[in-house]
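Have a look at the sequence and the model first.

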Amino acid sequence: MKKRMVLLSALVLCGCMLIGAGAADAASQTQLTHQAITHFQQSPPEKDTSYPEHTAWKSWQIDSCEVLPCRLIEEKDIWKLIFTPSDYSSRWVCAVDLSAGTIVTPLFDGLDGQIWKCADDQLLLEHSDTYQLCDLNGSLTDISIPHAGHVLAVDDQGYVLCQYPVTRTVRTDSGTMPYTFHQYTLLGPDFTVLQDGIDQYYNVGQYDYSCDSELFYNGLVAVRVGATDWYLPDGGPWPRLYFNSKYMFIDRSGKTVSSSRYDEVSHENDRWFGCHGTTEYLLDSNGNEREQANYCYVPSTWAENIVEQAEKDGLRLSYHTPYRLNIHRDEFCKLAWQTIQTVNPNINLPELAQPFSDCDEDVVRQIAALGIVTGYEDGTFRPTRELSRQEAAVILQRLYTVLYGNIEVSPTLYADNGSIGVWAKDSVYAMRQTGIMQGVGANRFDPKNGYTCEQSIITMLRMTQKA
């Protein structure tokens, strides 16, 4: 583990307020930076909607210099400003506090510099292969990256992904040869090494590393470690290096969560999948695996026509819906919102609920504001947690009440009534009374089993048909 070095003094901070730029330019760059701060205080940065799938901001022109704002810490109003003169002569970058009207970090060369948000409201600064942590008061701490590597990405919880070059003897179609490629290191928020010597890091974002990269999905990351053989096919403009290592999953503590190793992995619809040969498995956050049929993205025969009708009516989760898998809490919220829009598009909506600590999706917050869903005592929503049948019944009853009013509860009990939570009984029997959600056969409700995506879509269709 690399140790952090001591804090630099305020004098050093002042002395490096313009790293990599000529002294003659320092005053003008500082002046333009303060002018930009004043401008964005009076006219806050606007989102650029040209590319809806990416969060971007509109730039502003000042004295033939383009200023591009990028949000770093929303709740603190901390922004990165990138200054690009029309002649590209002295591009620079820094972080600023728009609320306070102050420059937080040094101004440094933007051609080889970068700023990331880290844990505990700190910023990670990169310049000329050197790294520093900067707090919001401008105090700097030197840090080291393993293997003299290069930071690729930092996620919103401060985890850091680095890469570094290695040279190995690789097999080719015509023999062997030395070949240089990159391996990876994953660091925790305190810059301790969680996993080193990573052959391949599975990036859900297709290697779109940026200031707001996500490094963990559903609390896990897939990595290949421990290759002993490397193969590089001859020819082709983009040769691919093949490893003999397999994928494993680790959590945010660096712990390997499953003893299984996978030939291939994928992440779709907030779900991790791993393959042993041609057999695919669904993994939960603890690394437990469930074998999945290859046709889970096709509705069951009994549900096919009904699902098709529901999707025509606007009840659709995604283009590639995992119909036969259990639905997640946030996906159920999406269907609930589509149901509301179908039944009563002019419904009077309250303001969005406050974001949960692990979820700030507008749809979830709107459904929460209507009282249809709630979070947990620790302030989380757990958006990717699978929904049980009794939990689905509770949400469906609340949705019904918002759309149509109260329901008389059926007095007829299920045979497994004793297994239904006391908190869910009224909802289970209310949904039975309306015909929106029925049992599983033999007069059983099976309250703790999961509720699939296709079942959820069908019950929401029934909900719309009550109008």
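In which loop does Ser128 lie? Ser128 sits in the loop between strand S9 (123-127) and strand S10 (130-134). Strands here are DSSP runs of E with at least two residues, helices are runs of H or I with at least four, and both are numbered from the N terminus.

Phi of Ser128 is near 50°, a positive value in a residue other than glycine. Most residues other than glycine have a negative phi. Ser128 is partly exposed, with a relative accessible area of 38%; buried means under 20%, exposed over 50%, and partly exposed in between, using a 1.4 Å probe and protein chains only.

His147 is another one to look at: its phi is near 65°, again positive in a residue other than glycine. The loop holding His147 runs between strand S11 (140-143) and strand S12 (150-154), and at 41% relative accessibility His147 is partly exposed.

## What you're looking at

This is a predicted model, where local features need pLDDT of at least 70 and side-chain atom pairs count only at pLDDT 80 or more, while totals for chains, interfaces and linings use all residues. Residues are numbered from 1 along each chain as its sequence is written, and side-chain values use heavy atoms, with hydrogens and water left out.

Overall, the chain has eight helices and 23 strands. Its C-alpha atoms fill a box of roughly 85 × 65 × 40 Å along the principal axes. Of the 467 residues, 48% are buried. Taking contacts (heavy atoms within 4.5 Å) with a separation of 6 or more, 53% join residues 24 or more positions apart.

## Helices worth a click

Helix H6 (residues 389-404) and helix H7 (residues 425-434) pack at an angle of about 65°, with their axes 8 Å apart. Axes are lines fitted to C-alpha atoms, for helices over the stretch in contact, and angles run from 0 to 180 degrees between N-to-C directions. On the H6 side, the residues that meet H7 include Val394, Leu396 and Tyr400; their partners in H7 include Val428, Ala430 and Met431.

Helix H5 (residues 362-369) has Val364, Arg365, Gln366, Ile367 and Ala368 as its buried residues, and these pack against helix H4 (329-343). Just after H5, Gly371 takes a positive phi of about 80°.

Over in helix H2 (residues 23-42) you'll find Gln42, which is exposed at 64% relative accessible area. The C-alpha atoms of Gln42 and Leu98 are separated by 9.9 Å, though the two are 56 residues apart along the chain.
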